[in-house]
Amino acid sequence: MLSILLFSLIQTIPVDKAAHFGVSASINLACVQTMKHAIDSKAASIVLCSAGTLLIGAGKELSDPKFDRQDLLADALGVSFSAVFLSF
């Protein structure tokens, strides 16, 4: 039953928003994995990389002909998801 509910929910998410979520989560994950070795602090690398990834997403949106707040929200959700995932 839960799988049917999740499947129907996933079908309602536009591909563009899923792409923003996935790309932001991936950039943040890669950045943290790289930075945590350079600065020897997992927590600091999560904070720095999350801020940097959000800035990348905001810059991308500002360069688009039409600013889309929902794209930026999807970016923020992707960064948040990866930050929580990395916290464990």
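**Entry 1: α3 against α4**

I began with the crossing of α3 over α4, which is right-handed (right-handed if the near helix is turned clockwise from the far one by less than a right angle, left-handed if anticlockwise). The model is a predicted one, in which I read local features only at pLDDT of at least 70 and side-chain atom pairs only at pLDDT 80 or more, while totals for chains, interfaces and linings use all residues. Residues are numbered from 1 along each chain as its sequence is written, and side-chain values use heavy atoms, with hydrogens and water left out.

Helix α3 covers residues 42-63 and helix α4 residues 69-87, and I found them packed at an angle of about 165° with their axes 10 Å apart. Here the axes are lines fitted to C-alpha atoms, for helices over the stretch in contact, and the angles run from 0 to 180 degrees between N-to-C directions. The two helices are therefore roughly antiparallel to each other (angles over 145 degrees count as roughly antiparallel, under 35 as roughly parallel, 65 to 115 as roughly perpendicular and the rest as oblique).

I then listed the residues in contact, meaning heavy atoms within 4.5 Å. On the α3 side they are Lys 42, Ile 46, Ser 50, Thr 53, Leu 54, Gly 57, Ala 58 and Glu 61, and on the α4 side Asp 71, Leu 72, Asp 75, Ala 76, Val 79, Ala 83, Leu 86 and Ser 87. By class, this contact of α3 with α4 holds 8 nonpolar, 4 polar and 4 charged residues. For the classes, Ala, Val, Leu, Ile, Met, Phe, Trp, Tyr, Cys and Pro count as nonpolar, Asp, Glu, Lys and Arg as charged, and the others, Gly among them, as polar.

**Entry 2: the whole chain**

Stepping back, I counted 4 helices and 0 strands in the protein, running α-α-α-α from the N terminus on. Helices (H or I, at least four residues) and strands (E, at least two) are DSSP runs, numbered from the N terminus. The C-alpha trace spans about 40 × 40 × 15 Å along its principal axes. Of the 88 residues, 24% count as buried, where buried means under 20% relative accessible area, exposed over 50%, and partly exposed in between (1.4 Å probe, protein chains only). Among contacts with a separation of 6 or more, I noted that 66% come from residues 24 or more positions apart.

**Entry 3: α2 against its partners**

I looked next at α2 with α3, which pack at an angle of about 140° with their axes 8 Å apart, again in a right-handed crossing. The residues of this contact divide into 10 nonpolar, 6 polar and 4 charged.

For α2 with α4 the angle is about 40° and the axes lie 7 Å apart; these helices are therefore oblique to each other, and α2 passes α4 in a right-handed crossing. The contact includes Phe 21, Ala 25 and Leu 29 of α2 together with Phe 81, Ser 82 and Phe 85 of α4. I recorded its classes as 11 nonpolar, 7 polar and 4 charged residues.

**Entry 4: the disulfide**

I searched for disulfides, taken as pairs of cysteine sulfur atoms within 2.5 Å, and the count came to 1 disulfide. It joins Cys 31 to Cys 49, with S to S at 2.1 Å, and the link is left-handed, with -70° about the S-S bond. Cys 31 lies in helix α2 (residues 15-39) and Cys 49 in helix α3, 18 residues apart.

**Entry 5: single residues**

Ser 24 is found in helix α2 and counts as buried at 5% relative accessibility. Not counting residues up to four places away in sequence, Ser 24 touches Thr 53, Asp 75, Gly 78 and Val 79. I also noted that Ser 24 and Leu 72, 48 residues apart in sequence, are 9.9 Å apart in space, C-alpha to C-alpha.

Ser 82 sits in helix α4 and is buried at 1% relative accessibility. Its contacts, leaving aside neighbours within four places in sequence, are Ala 25, Asn 28 and Leu 29.

Last, I looked at Asp 40, placed in the loop between α2 and α3. Asp 40 has a positive phi of about 55° although it is not a glycine, and it is exposed, with a relative accessible area of 69%.
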